[in-house]
Amino acid sequence: MMITGAQCRAARALVEWTRDKLAGNSGVDALVIEEFERRISLPDRDVRDTLQTALENAGAVFIAENGGGIGVRLKLNRSEVKRIGVLENEGGIVGIDAVP
């Protein structure tokens, strides 16, 4: 799956990163990121993969087209997963979504 500029912008918001922070963590110039997010230009596949990987490492999860459209969401941290498990008190596996 290749991320879109809108997904990149949304993922940055979810992980609370500025463009400069994403640039620093990905090695991609902030201007390239801005032009991608604003649909001015489309970076090559390697650059988009690099941006996606950096954002995923920060906790973003990219959702492919699944009938409801593409999207992005934020992984839960381990503390949140544990609290949800306690609140639900249903047992079962709840940690598969935890950020390592």
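**Close-up views of a predicted model**

**View A. Helix H2 passes helix H3 in a right-handed crossing.** A crossing is right-handed if the near helix is turned clockwise from the far one by less than a right angle, and left-handed if it is turned anticlockwise. The model is predicted: local features need a pLDDT of at least 70, side-chain atom pairs count only at pLDDT 80 or more, and totals for chains, interfaces and linings use all residues. Residues are numbered from 1 along each chain as its sequence is written, and side-chain values use heavy atoms, leaving out hydrogens and water. H2 covers residues 19-26 and H3 covers residues 30-37; helices (H or I, at least four residues) and strands (E, at least two) are DSSP runs numbered from the N terminus. The two helices pack at an angle of about 120°, and their axes are 8 Å apart. Axes are lines fitted to C-alpha atoms, for helices over the stretch in contact, and angles run from 0 to 180 degrees between N-to-C directions. H2 and H3 are therefore oblique to each other. Angles under 35 degrees count as roughly parallel, over 145 as roughly antiparallel, 65 to 115 as roughly perpendicular, and the rest as oblique.

**View B. Residues of H2 and H3 form the contact between these helices.** Contact means heavy atoms within 4.5 Å. H2 contributes Arg 19, Asp 20, Leu 22, Ala 23 and Ser 26, while H3 contributes Ala 30, Ile 33, Glu 34 and Glu 37. By class, the contact has four nonpolar, one polar and four charged residues. Ala, Val, Leu, Ile, Met, Phe, Trp, Tyr, Cys and Pro count as nonpolar, Asp, Glu, Lys and Arg as charged, and the others, Gly among them, as polar.

**View C. Glu 37 lies in helix H3.** With 2% relative accessibility, Glu 37 counts as buried; the term means under 20% relative accessible area, exposed means over 50%, and partly exposed is in between (1.4 Å probe, protein chains only). The side chain of Glu 37 makes a polar contact of 2.8 Å with the side chain of Arg 19. A polar contact is a pair of N or O atoms within 3.5 Å; within protein, one must be able to donate a hydrogen and the other to accept it, and residues adjacent in sequence count only if both atoms are side-chain atoms. Leaving out residues up to four places away in sequence, Glu 37 touches Gly 5, Cys 8, Arg 9, Arg 12 and Arg 19.

**View D. H2 also meets helix H4 (residues 45-57), with axes that come within 9 Å.** The axes cross at roughly 105°, and H2 and H4 are therefore roughly perpendicular to each other. Leu 22, Asn 25 and Ser 26 of H2 touch a set made of Thr 50, Leu 51, Ala 54 and Leu 55 of H4. The contact of H2 with H4 has four nonpolar, three polar and no charged residues.

**View E. Gln 52 sits in helix H4.** Gln 52 is buried, with a relative accessible area of 10%. Not counting residues up to four places away in sequence, Gln 52 touches Met 1, Ile 3 and Phe 62.

**View F. Glu 16 has a positive phi of about 60°, although it is not a glycine.** Most residues other than glycine have a negative phi. Glu 16 is in the loop between helix H1 (5-15) and H2, and at 71% relative accessibility Glu 16 counts as exposed. Arg 39 also has a positive phi, of about 65°, and is not a glycine. Arg 39 is in the loop between H3 and H4, and at 68% relative accessibility Arg 39 counts as exposed.
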